[in-house]
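Dear colleague,

I am handing over the structure below, and after it I set out what was found in it. Please read the text with the coordinates open beside you.

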Amino acid sequence: MSIDCLLDTNAIIKRYHTEAGTEIIDYIFDKSPAAVINLLNIQVAETIKTFYNLRNQNKIQNDDIRDTLVDTFLKDIYTANSNGKIILYDFANEHLKDMDV
């Protein structure tokens, strides 16, 4: 039995940038084998944009660290998507199908 988790962009960021709540997100990703993380496809762009915003606010020290966070996030999606831990939900297409449109 799997547990579907729909995380918002702020929760996803906590996986890569330590802040309040990071330990909960790490638990969902690493220690909860039943958890399946569902991400809307638009959240990929939102998450990358948030990394850039954090850099602009100097909450990420330099561009290399930001780029590493972006690369790690994208690799995690690819790896976790292939093993079923993360499922990307194509909002535009799937939402319409789910509504029988």
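F51 is in contact with I13, Y16, I60, R66, L69, V70 and F73, once its neighbours within four places in sequence are left aside. Please keep in mind that this is a predicted model, and that the contacts described here are computed from it. F51 also belongs to the largest nonpolar core, a set of 22 residues in which L7, I37, F51 and F73 touch the most other members. The elements that give two or more residues to this core are α1, α2 (22–31), β2 (35–40), α3 and α4 (63–83), and the largest share, 5 residues, comes from α4.

To place these elements in the chain as a whole: there are 5 helices and 3 strands, and from the N terminus on they run in the order β-α-α-β-α-α-β-α. Of the 101 residues of the chain, 35% count as buried. Among contacts between residues at least 6 apart in sequence, 63% join residues at least 24 apart.

The pair of helices that I looked at in some detail is α1 and α3. The axes of helix α1 (residues 9–16) and α3 come within 10 Å and cross at roughly 60°, and the two helices are therefore oblique to each other, with α1 passing α3 in a right-handed crossing. On the α1 side the contact is made by T9, I12, I13 and Y16, which meet Q43, E46, T47, T50, F51 and L54 in α3. Sorted by type, the residues of this contact divide into 5 nonpolar, 4 polar and 1 charged. An α-helix has 3.6 residues a turn, so residues three or four places apart point the same way.

How much of α1 is buried? The count is 6 of the 8 residues, so α1 is largely enclosed by the rest of the structure. The buried residues are T9, A11, I12, I13, K14 and Y16, and T9, I12, I13 and Y16 also take part in the contact with α3.

Finally, which residue other than glycine has a positive phi near 60°? N58 has such a value, and N58 lies in the loop between α3 and α4. With a relative accessible area of 59%, N58 is exposed, because the cut-off for that class is over 50%. As background, most residues other than glycine have a negative phi.

With best wishes

Note on methods: Residues numbered from 1 in each chain as written. Predicted model: local features only at pLDDT ≥ 70, side-chain atom pairs only at ≥ 80, totals over all residues. Heavy atoms only, no water. Axes fitted to C-alpha atoms, helices over the stretch in contact; angles between N-to-C directions. Helix = DSSP H or I, 4+ residues; strand = E, 2+ residues; numbered from the N terminus. Parallel < 35°, antiparallel > 145°, perpendicular 65-115°, else oblique. Left-handed = near helix turned anticlockwise from the far one by under 90°. Contact = heavy atoms within 4.5 Å. Nonpolar A, V, L, I, M, F, W, Y, C, P; charged D, E, K, R; others polar. Buried < 20%, exposed > 50% of the residue type's maximum accessible area, 1.4 Å probe, protein only. Core = buried A, V, L, I, M, F, W, Y, C linked by side-chain atoms within 4.5 Å.
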